[in-house]
Amino acid sequence: MSNTFARKADHLRICLEEDVQFRHLTNGLERYHFVHCCLPEINRSQIDLTTKFLEHELGAPLLISSMTGGTEQARIINLRLAAIAQKYKLAMGVGSQRVLLEKPEVANTFSVREVAPDIPLYANLGAVQLNYDYGVKECVQIVETLQADGLILHLNPLQEAVQAQGDTNFRGILDKISNLCWSTSIPIIVKEVGNGISGPMAEKLINAGVKAIDVAGTGGTSWAKVESQRATDNLGRRLGETFAEWGLPTANCLLAIREINSEIPLIASGGLRNGLEIAKAIALGADLAGMAQPFLKAAAESSETLEELVQLLIAELTTVLFCTGNSTINELKESEALQEIVA
Ligand SMILES: Cc1cc2nc3c(=O)[nH]c(=O)nc-3n(C[C@H](O)[C@H](O)[C@H](O)COP(=O)(O)O)c2cc1C
């Protein structure tokens, strides 16, 4: 079994069975509340959640964050996620396709186009891989194999540092991301994996030519905890525990990035767990909200559980719009209904 293949199977098992969520460091959204509007003057049934992201029309501002592929269980989960994304017109990312580059025979565990012909679908690779075996050619290859609309590169220095034999040479990666952005027509999106992207780092990435940023901040899945669980020696376990609560809260990342750039398409993710938090993230400047662990747990259970989750998120988000007197996502973005709670 290749290392990458075994790692992917471990990640699914650990994220489904163990408590690997941040415990103390939150997503930061609890510091904000919406001012209630007792007289919305709108009909709840006419609230419109549709939105545009990178030229794609979505039914709601939701992204199923990059997660999995490579194993039989991953194939089933990806198909369930893609089918629900198609039904509700949501965006979706697949997990890192490095395993596919190593073992082309697992390509079918990522293939979801048949069940999701219309959704914005994103390929995925660790940006640090640009310093190891892969370059522009492989990036084009994974996008084409998936029939994807773009490529999400993940930045995960902490995860790699905690992992035994992690890929930790991040020298020159920004130039390589930039080269990729300018040498292909593929839209490149950069995300973290739960430790956040600061304002200055976002500025570098925007200047490098990325088309969107997903902050993937703290408050949800902690990859130091995941890797700590996988560690086979004391050093790895301790390292993961020490850095279990490391990173930038999602809310802080959104505010910091919007302060330096009001235009870049921005995805909020990292610890978002319900439609109220999704609404807060949008009011803080996000265009789309992504979730990983909640979609994974629901999809691993059944397609019905997954659909219930999507319906709940939509009902929660709609209720925020209703009780703040906003009829559309754009109105929510522009409203001043979200206020910081002053202690
Ligand atoms: C099982 C699992 C596998 C993941 N694999 C990837 C991956 O291959 N590539 C990636 O960019 N992010 C990956 N992530 C990270 C998520 O996309 C997301 O950034 C992170 O889990 C924080 O979101 P959450 O708090 O909603 O879980 C994975 C997450 C989970 C739960």
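A cavity, on a 1 Å grid over the protein atoms alone, is a set of points where a 1.4 Å probe fits but cannot get out, whereas a pocket is an open set with protein on both sides within 12 Å along at least five of seven lines. Lining residues have an atom within 4 Å of a point. Grid points are joined across faces, edges and corners, and a volume is the space filled by probe spheres set on the points.

This is a predicted model, in which local features need pLDDT of at least 70 and side-chain atom pairs count only at pLDDT 80 or more, while totals for chains, interfaces and linings use all residues. Residues are numbered from 1 along each chain as its sequence is written, and side-chain values use heavy atoms, with hydrogens and water left out.

**The cavity**

A search of the whole structure finds one cavity of 30 Å³ or more. The largest cavity holds about 660 Å³ of space. Its lining consists of 41 residues, and Ser66, Met67, Lys191, Val193 and Trp223 lie nearest the centre. Two or more lining residues come from each of H1, strand E6 (121-126), H5, strand E11 (288-291) and H12; helices (H or I, at least four residues) and strands (E, at least two) are DSSP runs, numbered from the N terminus. H1 gives the most to this lining, with six residues. By class, the cavity lining has 11 nonpolar, 23 polar and seven charged residues. Here Ala, Val, Leu, Ile, Met, Phe, Trp, Tyr, Cys and Pro count as nonpolar, Asp, Glu, Lys and Arg as charged, and the others, Gly among them, as polar.

**The ligand**

The ligand sits in the largest cavity, a term that requires more than half of its atoms to lie within 2 Å of the grid points. H1 and helix H12 (293-301) are the elements that give two or more residues to the shell around the ligand. Of the 23 residues around the ligand (a heavy atom within 4 Å), Ser66, Met67, Ser96, Lys191 and Thr221 come nearest. The shell divides into eight nonpolar, 11 polar and four charged residues.

| Residue | Protein atom | Distance to a ligand oxygen |
|---|---|---|
| Ser66 | backbone N or O | 2.7 Å |
| Ser96 | backbone N or O | 2.8 Å |
| His154 | polar side-chain atom | 3.2 Å |

The protein covers 98% of the 610 Å² of accessible area that the ligand has on its own, with areas from the Shrake-Rupley method and a 1.4 Å probe.

The largest pocket has about 470 Å³ of space. Among the 22 residues that line this pocket, Leu155, Pro157, Phe170, Glu192 and Met201 lie nearest its centre. Helix H5 (157-162), helix H6 (173-183) and helix H7 (199-208) each give two or more residues to the lining, and the largest share, four residues, comes from H5. The lining of the largest pocket comprises 16 nonpolar, four polar and two charged residues.

The second largest pocket has a volume of about 380 Å³. Its lining has 19 residues, with Arg7, Gln163, Ala164, Gln165 and Arg230 closest to the centre. At least two lining residues are supplied by each of helix H1 (3-17), helix H3 (98-102), H5 and helix H8 (223-230). H1 gives the most, with four residues. Four nonpolar, seven polar and eight charged residues make up the lining of the second largest pocket.

Technical notes: A polar contact is a pair of N or O atoms within 3.5 Å; within protein, one must be able to donate a hydrogen and the other to accept it, and residues adjacent in sequence count only if both atoms are side-chain atoms.
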